[in-house]
Amino acid sequence: MRALIQRVKQAKVEIGGEKISEIQQGLLIFLGVCDQDTEELTAKFWQKIKNLRIFEDENHKTNLSLSDIGGSVLIVSQFTMYANCQKGNRPSFVEAGKPDHAKQIYLKMLELAQADVKNVGHGEFGADMLVSLQNDGPFTIYLDSENLHLQ
């Protein structure tokens, strides 16, 4: 599982010119899933994300987590997180999870987030989406479950 996490002042998702989701201060999470990802790993990955201390405290130190600030979350599925660009100039996506499995894991991540966060927005799995954001910092973190020793 891979995630590109951006600390945002606001973010939204549109499909076909219609806004389907919007958040204010919090995290925009682009989530990539592979076939080896499990619901158990998803729970551990979510715990890691929600506990990241990447929001500033009164001393301007990144010392606060999402729950500390009462922040929102916007989760967008993004199979391109598994792009392989080692050969040629056209990315290969064979490492990305098969759609049925990836959707199941994506929905599990949404369920976990909704249990912990008051305002959770989401994209639409497999849709062509327009994502807009105001990155705060800018502050962007890339997580790969293979490097986190969660398994």
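**View 1. The largest nonpolar core of the predicted model comprises 27 residues.** A nonpolar core is a set of buried Ala, Val, Leu, Ile, Met, Phe, Trp, Tyr and Cys residues joined through side-chain atoms within 4.5 Å, where buried denotes under 20% relative accessible area with a 1.4 Å probe and protein chains only. Ile 5, Ile 29, Leu 31, Trp 46, Ile 49 and Ile 75 have the most contacts inside this core. Two or more residues come from each of β1 (2-15), β3, α1 (39-51), β6, α3 and β8 (130-144); α3 gives the most, with 7 residues. Helices (H or I, at least four residues) and strands (E, at least two) are DSSP runs, numbered from the N terminus. The model is predicted: local features need pLDDT of at least 70, side-chain atom pairs count only at pLDDT 80 or more, and totals for chains, interfaces and linings use all residues. Residues are numbered from 1 along each chain as its sequence is written, and side-chain values use heavy atoms, without hydrogens and water.

**View 2. Ile 49 and its contacts.** Leaving aside residues up to four places away in sequence, Ile 49 touches Ala 3, Ile 5, Leu 27, Ile 29 and Leu 143; contact means heavy atoms within 4.5 Å.

**View 3. A second, separate core has 10 residues.** Among them are Ile 23, Leu 28, Leu 74 and Met 129.

**View 4. Residues lining the largest pocket.** This lining divides into 12 nonpolar residues, 6 polar and no charged. Ala, Val, Leu, Ile, Met, Phe, Trp, Tyr, Cys and Pro count as nonpolar, Asp, Glu, Lys and Arg as charged, and the others, Gly among them, as polar. β3 gives the most to the lining, with 3 residues.

Technical notes: Buried < 20%, exposed > 50% of the residue type's maximum accessible area, 1.4 Å probe, protein only.
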